[in-house]
Structure formats: C-alpha cells, structure tokens
Amino acid sequence: MNRKLDSGDNRTTRRTVTAGLGASVVAGIAPFNILRAQDATLKVGVLLPRSGAQAGIGQDCQRGVDIAAGLLKDLGMPPLQIMNGDTETSVEVARSRAEKMISDGAQVLVGAFDSGQSTAIAQVAEQKGIPYVINIAAAPQITEQGYKFVFRNFPTAGMILADAFANQKEIFEAAGAAPKTAVFMHVNDTFGTAMKGGIGAVMPKFNMPYNLVETIAYDPTSRDLSVEVAKAKATGADALLMVSRLNDAILITRELVKQRWSPMAILSMGPGWYEDQYLKTLGKLSDGPLSFVPWYDPNKPMSKKLDEALAKAHPGFNLNTNHVYTFEALLVAADAFKRARSTDAKALADAIRQTNITDNVSPGPGIQFNEKGQNDKLKDSAIQNRGGKLVTVAPKVAANAKVEWPMTPYDKRG
Amino acid sequence: MSTDIYLNVAVSGVLTGLVYGLMALGLSVIFGVIRVVNFAHGEMTTVAMYLAVVLFATLGLDPLLMMVPIAGVLFVFGYALQRWLINPFINRPEHSQFILLVAVAIILANGLLIVFGPDARSVQTSYAFDSFMIGPLIVDATKAFAGLAAIAVAAALFAFFRLTQLGTAIRACADNYTGAQVIGLNVPRLYALTFGLGAACVGAAGAMLALVTDVTPPLGPSFTLLAFVIVIVGGLGSMPGALAGGILIGVIAALAGLLYTPSAKGMFVFAILVLVLLFRPQGIFGRRA
C-alpha cells in the first residue's frame, strides 16, 4: 500500500510533467502579465478638434499633450503611447474617430474640449467599455447618465457659473463699482446652451447687482457677427456677459471696436477671450476682458513645473486652461495605469475611480472623482488680460493682481 | 430699439451682400454661358482668400490693391481648368460634370489644408478696425471698401459683355451654341475665356472677403452653397440677378438676425429660397425657360 502510494506519488509520468508545466505556466503568466503591463505603455487615444472652427483651441490643447511626457516621467509614471485623433469640430466625426481609435487598440480615450463632441465620445466609450477621461467639457449631463467608464476632471456648467458669480461679486466689491445691466451673448452649441440654462438656474441664488436685459444666441461658426453686436449695443447695457469660443470672441471684439461700443466690462464664462491666439491677433485691443474659468493654482508646485515645461516646448505661450486640463487628463490615465498594473479596461476604470492626486495643477484639493465620475471639488478663478499676459484677480487666495475696472474704452488705447 | 440700428444693420447687410453677390456672379456667368455648374466655386473663393492673406503677410500688400492680380491668377486657373479638364466633359451627362467638379473642390480644400493647416487666418490692414460716422450711421470701413470694389468689378464685367466684341461673341455662344459654331466662333476658347472670367470674379470677391472674414480651408462648401442660393434667388445665368440676389440675401440675413434671433439667419435665407422656387422658379431676374 505504502509502496503503491509511494510508487504512485513519486511516479513521474509524461502527463504529470505536462500538467505541472501547464500549472507553472498558468501560475507564472498572471504575475508576468502584470509586470509586463508595467513595462509596457498604455495606448491613449487623444481626440481633439484639430481642424474646423475649434482648430485653434484643439491645437492649444495639443500643447498640453506635448509637454506631458517629460513631466509624467519625472513623476515616475509609466509611459503613455499617444494616438492622435481629429474630431474636425464635428460631433459625428468625434463619434466615428472614437470608434476607430478603440478598434485600433486605444485602451483609454482623452478629449475632446467640446461638450457635444465629448458627449458623443462618452456614448462610444461606455458602449465599448473603454475608460474615457474628459479634458474639457462642461455640459452637466455628460456625467449624469450613470456611465461607468466616463470621468471628468473639469467643472460642470453649474460649478463654473457658481464660482463665476462669486468671483464677480468679489471683484465688484474690490472695484467699488458694478454694472447695473448686462446683455448675455452665447454660442448656440451644447456648451453654450448648457451655460444659458445654468445661468437661469444659478444667477438668482447670488443676488447679482445687474439684470440681464437681453439674451442673444448665435452660431459659433458664423463669419459675421455685426448684427449680433449691433443688437447687443442697442440694449445700452453696462456690461457684456459672454459664453463664446475663440474665433467668435475675436470677431465680436472687432465688431465692438468698429461699432464704437466699449462696455464697462466684458465678463466671459467660457473660452476664447484668454487664448493666446486672441491676445496675439488683437494686440492692445485684447486687454481688459475678465474670464471666469477653470484655471490653475499658481501656488501649486506642479503649476510651476507645467509652466516651465510649456515655456521650454512652446516659448511665447501663456499657460492656460487648455494645457492644464489636457495635461491633468493624461496624468489621471497614467496614474490609473500605474496603480492598476494592467491595461484591462475594467481594472483601469476602477483605478481611475479611486484616483487621489494631490500634487496637481488645477485649483482645489486635487483630483478625485465622485460616484458619477465627476471631480466636484474643482475651483475656478477670475483672470484678466493685461498687455498680452494673464493675471489672476480673484479669488483673493489665488490672486496675483488687482482688477482694472472699468475696462479702458477701445478708442482710448492709443 | 431706435430706428438707427435697423438702418445700420441694413447697410451692413447690403455691403456684405454685394461681395457675396460678386462671388455668385462668377457662378452665374459660368452657368449662363457654358451650362456647367461649378461645384468648386467656394473652394476657388477660398484659394483667392489665401492668396490675399499670403500677399499681405509676406509683402504687406493690401487685398484691395491685390484684387486685380489675384483675379488674374484665378482667371488663368479657370481658363486652364476649363480648357484641359472640364471641356472634355461638356457633352457628357451632368452627373459626370458634377463629380468632376466636386473632385476638384476636394483637391483644392485638402491642398489648402496641407499648405496652410487648419488655423483661421486673417488680414489686419491699417483700416481693419475703422468705421465711418455718417449721421446716425456707423459704416464698417472694410465692408464699405469691399462693397464699392464689388460694384466696380461687376460694372466692368457688364461693360465687357455689352460693349466688347469678345463679350458679344461669348453671349452668342450662350444664346445659340450650334449657331456660334456655324458662324465660325472658336467655342472651346470662348468657353475657357468665360470660365476664366467667372473665376476672376471669384478671385476679386475672395480678395475682398479676406478683408471681411477669417479664412480656413473648410470654408469652401459654405461659400458654394451661399453662391447657389444667391444665383437661384436672383436667377441662374442672370448677371444683375446675382448682384441683386446677393444684396437681398445679405439684407434678409441681417434683418432676420436683428428682428428675430441671430441663430435663425440661415433659416430665413433658405425660407426665401423655398419661396422663390415655389412662386418664381426662374429667379427674380431669370428668364422663363
């Protein structure tokens, strides 16, 4: 019996060798895969409007991508393999490019600056089960759909507006003056419409000193905004409240000058007015507008590093929202990859959900996501254009300059 | 709102409409004589705008002064295009002509994208931000110059077709193709000249548009569509109709934006198109077939 047992236990057959080898291979492969994932790169599909009406901003976001690799390496993050995609400023193209990127092997998607395009990409990412980190898009509904693979490190329209009104009141108090009336001009795309809805809901809670005397919606791809500005001017409002894009912000400024209307203040709650292309195209005419936007905390060490990296890679460009939030989206992806130790979509999504990055750039306590995939702890700033540069004028804790109020009239700028 | 704003907006609409009308005039001339619809019209306009931008950026030359040379370049391009590419398609089915010109449009747009990239480009002349005060009117200087130049170019074209032998010969080709051949006119050459003239109109309009609006490579299709709307409203093949259609569309878009909402400018423009197609299908100045 013993002999048999011994004999049986010790007998090494071809079958046991095969089984043993198989078991050891299986046992060995799992950790080996994890290790290999650490050594490998994560394929990140970056979708941006690189052509079309939003090309200027899309390419500005790309500058954030350009400087990410070196900074992520310094932070000890695993390398990312960037796959570039162009949404052509079109919702439909954004959707099809997202599908193509996933079929080409993208393991995480990042982008796409615009709410409409980001909504389309979010739908694709959720269907295919691929994590999607939004860099810039404010329409609240994107993170209200119960998606499991969609994450946003950017404030919603409601968050932007709440901070904007709070910062405006702080500025009015500091200046000792405030507009009594304002005309609201906004783009009629997903973002602009969401912001319009948000203003209706949020503004009454802040008891603002001004009333909105007129709301003017316009097409962001319009080539001529003379009628829109004439209509706004005819209201005789003290201030111009804006939700715009880049090209239309330039067109509107040109029309303000030509139609000889200098409002007391231009209060922008969207992109356009602080972009480098706006500053360079309009020169001294770009001075004065106040933008109430997701920005960066100049006091955070990572902000200084990002600023230096941008200055080195793209001299002459001011660090702005586009660079900051595109970089942070890639930081979120790299950080999740590092912790997940895998390129598996579910593991990556779980890791992103557990994100807790405090060494970051944007204002607020850091990058964390709530159960909806939204970073709801972000804070916004008020910035003003001054001599081709951007200064932070509110909130006080993040300010590095006092507000210039009212705006110097366009016809008195020499 | 005071009445001044209506006047200001209407004047702005007229001036913009004049430039659009000149662009559409090229389309109308080509169709009126050759009976070929130029689906690359908008892209040719964009090429002219880029020429204006490049000449301004590199040599500091004002687009208004460069209007004639740019029109000359587009004339040569249009002449060559008709002579060697479109002419073999003259007697082929319309869908062949359509595909050919769409292909030309796509090649032009992508060529511009390769050369200039997707960024919007503009011309910043010394008078880019100027405006004239005429009583209660504030007139945009660039639009005023562009509108006046459009009138001058259109007048020159009318004079050419009415007062010169070559113009009369081209009109003969348009009126009776077979008759023109019978009396010994060199119809292929006259067709190429006509296409060249149409392209020259586009060149002049493009140079002026560069003053009024930024240019990007994908702008072409919207210009083509606008030119179509204008010539259909004004009357396909009618030269006065193209200018009048441009003014009408410019004013309607401007006033619709003012009286209703700017977002609905396009809706009103296309509503006018539908009304014209329903009640006067030949267009306001067109002749019934």
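This is a predicted model: local features need pLDDT of at least 70, side-chain atom pairs count only at pLDDT 80 or more; totals for chains, interfaces and linings use all residues.

Residues are numbered from 1 along each chain as its sequence is written, and chains are lettered from A and ligands numbered from 1 in the order in which they are written.

**Contact between the chains**
- Chain A gives 24 residues and chain B gives 22 residues to the contact, where two residues are in contact if their C-beta atoms, placed from the backbone, lie within 7 Å.
- On the side of chain A that touches chain B, the largest share, six residues, comes from H9(A); helices (H or I, at least four residues) are DSSP runs, numbered from the N terminus.

**The helix pair**
- The axes of H9(A) and helix H1 (residues 3-34) of chain B come within 10 Å and cross at roughly 170°, with axes being lines fitted to C-alpha atoms, for helices over the stretch in contact, and angles running from 0 to 180 degrees between N-to-C directions.
- H9(A) is therefore roughly antiparallel to H1(B), a term for angles over 145 degrees.
- Ser226(A), Val227(A), Ala230(A) and Ala234(A) of H9(A) meet Ile5(B), Asn8(B), Val9(B) and Ser12(B) of H1(B).

**The nonpolar core**
- The largest nonpolar core has 224 residues, being a set of buried Ala, Val, Leu, Ile, Met, Phe, Trp, Tyr and Cys residues joined through C-beta atoms within 7 Å, where buried means that 20 or more other C-beta atoms lie within 10 Å of a residue's own.
- Helix H8 (residues 187-212) of chain B supplies the largest share of this core, 18 residues.

Terms used. Helices (H or I, at least four residues) and strands (E, at least two) are DSSP runs, numbered from the N terminus. Angles under 35 degrees count as roughly parallel, over 145 as roughly antiparallel, 65 to 115 as roughly perpendicular and the rest as oblique. A residue is buried if 20 or more other C-beta atoms lie within 10 Å of its own, exposed if 12 or fewer, and partly exposed in between; C-beta atoms are placed from the backbone.
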